[in-house]
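Please look over the sequence and the structure shown below. The briefing that follows goes through selected parts by topic.

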Amino acid sequence: MPRFSIIVPCFKVQGFLRECLDSVLEQSYRDIEVIAVDDRSPDGCGAILDEYAARDDRVRVLHLPENAGLGRARNAGMPLAGGDYLFFLDSDDTLTPGALRATADRLDETGDPDVLVFDYARTYWWGGTRRNALAHVLAEAGDGAFTAAAHPEILDLLMVVWNKVYRRDFVESNGFSFPPGYYEDTPWTFPVMLSAERIVTLDRICLDYRQRRQGNILSTTSRKHFDIHDQYERVFAFVDSRPALAGWRPYLHRKMGEHCLDILAKPDRLPPGDKGEFFRRTAELFARHKPAGEPVPAALKVLEGGYTAYRVKRRAGQAGRELARRGGQVRGAAAGRARRGLTALHGHRPLDPELVLYSAFSHRGVLGDPGAVYAKAREIAPHLRGVWVVRDEETAARLPRDVEHVLLDSPAYRRLGARAGFFVNNVNWPGSLVKRPGSVHVHTHLGTPLKYMAADLLRRPGARHGVDVPQMLRRADRWDYSLVANEHAELVWERAYPCHFTSVRSGSPRNDVLVNAGGAAGVRAAAAVRARLGVPAAHTVVLYAPTRREYVRGGHAERVDLARLAADLGEGHTLVVRLHPSLAAGPARGLGLTELHRRGVLVDATDEPRVEDVMLASDVLVTDYSALMFDYANLDRPIVVHADDWAAYRASRGAYFDITADAPGHVSRTYGELSRLLVSGRWRDGESARLRAGFRERFCAYEDGRAAERVVRRLLLGEEFLPGGAVARVPGQAVSRDLLTST
């Protein structure tokens, strides 16, 4: 008996069906059966299903004699199912890699619950991907099983059938089935979730839900949307048949009203001439099932009036929103004038030569090179007043109590910005910040560049999508000093930022801790980080740090099976993963990383605020094309470059040199090569050391562990600080005006 019976109903999806079936049959977890139901599809679906069944004995095809509709097609497949769990997969959706293994492991871990709810991501026809906005509900439900009554917020998730698996015995004993109609998921999901005695969650994206441009219920204008009324009648009939569920009637009554009004409000769901009838039928349903003595929520009181009153209220709301939008534009313009006036007012006051304004990573806290400069300034120049610019109150709450800060765009920010003698940042300051004569801007950058940056992106239209290069260069015109860690970076910044500034061969201040890692303080720091991450002291720590891809919308390309890598490393090893910061809040975390971290398969260090700490705690870095490798080389620890898509990456983003030819260590081009390198121990052999030595000579030339002190003494205090502290004047470069025209 297989673990999963995956029921796939098919109707007019021949363009998506192969991708759907491949996503199932190519899963690493193979204890499955696929019951594909050809719902009398008029296209080539039936032939495709027969083709797959002929070459994979896990696939069984049922050809229906006539079109039954999605719900009844699912019903037709259920009697053929012999698996422990039912998985209803729509034939235009796909499973993510590793989804079935993660689901099976979670079921085993929780003792075969009635229902398991997992996460999903919407993939749009135009290429975008968006994670379920309520994914946090899955994480907050905890590790154990629960009922809907214990965690009612589980019902706030999208009430569909395909984001769950169901224990077959539970489904059969309750007689659950799908009714005909457009909204067949509603009278399945509510009864199932309210009846389940053991629900568990899996905080992992297991399915990509395809939002098609056409052929999708959400993009179809039709009277078929009236079906929602019949489906809620079925939900209420089910609750009436089970007295123990009577307490859910107020909740379901509210949900029904909200759902119907949402359909009515959508401009593309109902034919305009049918909206009045839809409102009246909704109001009748709402009145018929109103629980006695229950107050009506304010947002639903409109259902107690007529359709005319509803339209008047809708129009008033739309007019109010438009008025608010226009008012916001007027207020924004007025606020802009006021800010300029305040800036001009403060601009008449003298600069404060002891005030230093800091920011890092778009105002995310005391981090990176600016953070290292700030710490050193407090140590050797305590008379300097350092103030951090942070983006919001939440960020400010995470700052140490003794760190002075201002919120971006606040009056205090504008007041200090007009008077500060020094500005230190690793990302450009906002355009609203006016640079006064005499103020000094120190730009630290984000590390040594491998991929094309700034003006060089003008030759890569795809990579500069959404990047305003001319605006970027106008902001860079404010730089006085540009910090560099090596000659390569110095030359790149000259070319990428054709502006007037002075290059300071200072080294990277944040790397001081890496250069000095061999000392007693560095050893203690590494041990403390390992303890915080839960890494056993004797383990070999493999740090995997992939970068984003410009050839993939959203930037995330899953190049390595993390569960497989962790297993291949074996006992005595810990795999630590750190995603690129731009991917931290997107779907990438949900594609297995969060769940693997929860289960202790690996450590997700993406949210660790200081990447230097994560590097200190590791023994070897595995990366693709991340600039992290240039910093990591300061530790003089092995580096492995996994370059399985180097040609595509270089073609899409552009690179200043071939990292596979001038690598800091061994290069792997397939997963097999990577696994053999790590398991065999060759990652730390003599060849690795030789390659790393050459790389360090080229890219760590200005790093001596005193970069932060050099910046403070030379640039903030104006002292002579000669060791490694040479400066080079960068001339302004003549660039064709056409090249810098905004596109």
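Which residue of β18 does Y544 stand opposite? Y544 stands opposite V577 in β18. The model is predicted, so local features need pLDDT of at least 70 and side-chain atom pairs count only at pLDDT 80 or more, while totals for chains, interfaces and linings use all residues. Residues are numbered from 1 along each chain as its sequence is written, and side-chain values use heavy atoms, with hydrogens and water left out.

**The sheet**

- Six strands form an open sheet in the order β19-β18-β17-β20-β21-β22, with parallel pairing.
- Strands here are DSSP runs of E with at least two residues, helices are DSSP runs of H or I with at least four residues, and both are numbered from the N terminus.
- Two strands pair if DSSP finds at least two bridges between them.
- Strands of a sheet pair through backbone hydrogen bonds, either parallel or antiparallel.
- At the edges are β19 (603-604) and β22 (667-668), each of which pairs on one side only.

- Strand β17 covers residues 540-545, and six of its six residues are buried, so the strand is largely enclosed by the rest of the structure.
- Buried means under 20% relative accessible area, exposed means over 50%, and partly exposed is in between (1.4 Å probe, protein chains only).
- Both faces of β17 are covered, with T540, V542 and Y544 buried on one side and V541, L543 and A545 buried on the other.
- Strand β18 (residues 573-577) runs parallel to β17, and five bridges join the two.
- Strand β20 (residues 620-623) also pairs with β17 in the parallel sense, over four bridges.

**Helix α19 and the β-α-β unit**

- A right-handed β-α-β unit is made by β17, helix α19 (residues 562-569) and β18.
- A crossover is right-handed if, with the strands pointing away from the viewer, the path from the first strand over the helix to the second runs clockwise.

- Three bridges link β20 and β21, which pair in the parallel sense.
- In that pairing, V622 stands opposite V640 in β21.
- Strand β21 (residues 639-642) pairs with β22 in the parallel sense over two bridges.
- H642 stands opposite S668 in β22.
- Helix α19 packs on the sheet, where α19 touches β17 and β18, and the direction of α19 makes about 155 degrees with that of β18.
- Contact means heavy atoms within 4.5 Å.

**Helices α12 and α26**

- Two packed helices are described by the angle between their axes and the distance between the axes.
- The axes of α12 (residues 368-380) and α26 (residues 707-716) come within 8 Å and cross at roughly 70 degrees.
- That angle makes α12 roughly perpendicular to α26.
- On the scale used, angles under 35 degrees count as roughly parallel, over 145 as roughly antiparallel, 65 to 115 as roughly perpendicular and the rest as oblique.
- Axes are lines fitted to C-alpha atoms, for helices over the stretch in contact, and angles run from 0 to 180 degrees between N-to-C directions.
- The contact involves A372, V373, K376, A377 and I380 of α12, and A708, E709, V711, V712, R713 and L716 of α26.

**Residues in loops**

- S508 sits in the loop between β16 (501-504) and α17 (512-515).
- With 9% relative accessibility, S508 counts as buried.
- Not counting residues up to four places away in sequence, S508 touches D369, A485, E703 and A707.
- H363 lies in the loop between β10 (352-359) and α12.
- H363 is not a glycine, yet has a positive phi of about 70 degrees.
- At 8% relative accessibility, H363 counts as buried.
- D636 is in the loop between α22 (628-632) and β21.
- D636 is likewise not a glycine and has a positive phi of about 55 degrees.
- D636 is partly exposed, with a relative accessible area of 40%.

**D631 in helix α22**

- D631 lies in helix α22 and is buried, with a relative accessible area of 5%.
- Leaving aside neighbours within four places in sequence, D631 is in contact with R510, N511, L514 and M615.
- D631 and D227 are 404 residues apart along the chain, and their C-alpha atoms are separated by 60 Å.
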